Amino acid sequence: MALRNIAASVLFVMMVLCGACSGAVYRVGDSDGWTSRGLVDYNKWASTKDFHVGDTLIFAYNNQFHNVMQVSDQDFQSCNATSAIATYTSGSDTFTLKRPGHFYFLCGAPGHCQAGQKVDIKVTLPVPESLIPSPSPSPYGSSSSASHQEQMSPRSTLSSAPTLNSCKLGFAVTAFVLGLLGFVF
């Protein structure tokens, strides 16, 4: 009986650790949300983020006045909302980025896309920790290493390493628990 309690505890820890493997969550427009009032330049907002496969977008808006439509590049450029790939209308819609590439969203309410309520989300694969170059020592008095560090995204240098390590730990715990359960039962 005690062994089953230990196995249950290990499974709980495994679930918690595997939860750390999920991607980042972004609220589109940050605190302003998804609106046509001109408060947010959505493409400027998106350009300051590093979106990766597994990340989630949250569109928060008043669904009496707005919606979210996923469209093609051509429809995005022309603000054409008549042939959407998908339409969301709940007022709090989540979209998980499942592949690399561009995802185009706009509001289908008349005039809203033309007023700037549209966003192009460029998604890349996460960069494994082992592929991130470490800064090389620079000659005395040179600042090339410092400028190289500034050009690297903080997300790829700071956030991906703990996430990848948590995932590895989660997989190790999973393998351990499955082995334990296979041995015990």
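1. Two strands pair if DSSP finds at least two bridges between them. Please keep in mind that this is a predicted model, in which local features need pLDDT of at least 70 and side-chain atom pairs count only at pLDDT 80 or more, while totals for chains, interfaces and linings use all residues. Residues are numbered from 1 along each chain as its sequence is written, and side-chain values use heavy atoms, with hydrogens and water left out.

2. Now the overall plan. The protein chain has 5 helices and 8 strands. Going along the sequence, they follow the pattern α-β-α-β-β-β-α-β-β-β-β-α-α. The chain has 185 residues, and 34% of them count as buried; buried means under 20% relative accessible area, exposed over 50% and partly exposed in between, with a 1.4 Å probe and protein chains only. Contact means heavy atoms within 4.5 Å. Of the contacts in the protein chain with a separation of 6 or more, 71% are between residues 24 or more positions apart.

3. Next, find the sheet. Five strands make an open sheet with mixed pairing, in the order β2-β8-β7-β4-β5. At its edges are β2 (51-52) and β5 (86-88), each of which pairs on one side only. In general, strands of a sheet pair through backbone hydrogen bonds, either parallel or antiparallel. Here, β7 (residues 101-106) and β8 (residues 118-124) run antiparallel and are joined by 6 bridges. Across that pairing, F105 stands opposite V119 in β8.

4. Which residues have the most contacts inside the largest nonpolar core? They are W34, F51, L57, F59, F105 and I121, in a core of 21 residues. A nonpolar core is a set of buried Ala, Val, Leu, Ile, Met, Phe, Trp, Tyr and Cys residues joined through side-chain atoms within 4.5 Å. At least two residues of this core come from each of α2 (42-47), β3 (56-60), β7 and β8. Another core, of 7 residues, lies apart from it and includes M69, V71, F76 and C113.

5. Leaving aside neighbours within four places in sequence, F105 is in contact with W34, L57, F59, V68, M69, Q70, F76, F95, K118, V119 and I121. One of these, Q70, lies in strand β4 (residues 68-71). Is Q70 buried or exposed? Q70 is buried, with a relative accessible area of 9%. Again leaving aside neighbours within four places, the contacts of Q70 are A84, I85, A86, Y88, F95, F103, Y104 and F105.

6. Y26 and F51 have ring centres 4.8 Å apart and planes at 70°, so they form an edge-to-face pair. Because Y26 lies in strand β1 (residues 25-27) and F51 in strand β2, this pair ties together parts that are 25 residues apart in sequence. Y26 is buried at 12% relative accessible area, and F51 is buried too, at 2%.

7. F51 has another ring partner, W45: their centres are 5.8 Å apart and their planes at 50°, so this pair is tilted. W45 counts as buried at 7% relative accessibility. Elsewhere, W34, Y42, F59, Y88, F95, F103 and F105 form one aromatic cluster. There is also a charge to spot: K118 lies over the face of F76, at 4.6 Å from the ring centre (the rule asks for NZ of Lys or CZ of Arg within 6 Å of the ring centre and within 35 degrees of the ring normal).

8. Finally, the cysteines. A disulfide is a covalent bond between the sulfur atoms of two cysteines, assigned here to sulfur pairs within 2.5 Å. The count comes to 1 disulfide, joining C79 to C113 with S to S 2.1 Å. The link of C79 and C113 is left-handed, with -70° about the S-S bond. C79 lies in the loop between α3 (73-78) and β5 and C113 in the loop between β7 and β8, so the pair ties together parts that are 34 residues apart in sequence. C107 is in no disulfide, and the nearest cysteine sulfur, that of C113, is 8.5 Å away.

Notes: Helix = DSSP H or I, 4+ residues; strand = E, 2+ residues; numbered from the N terminus. Phe/Tyr/Trp six-rings, centres within 6.5 Å; stacked < 30°, edge-to-face > 60°.
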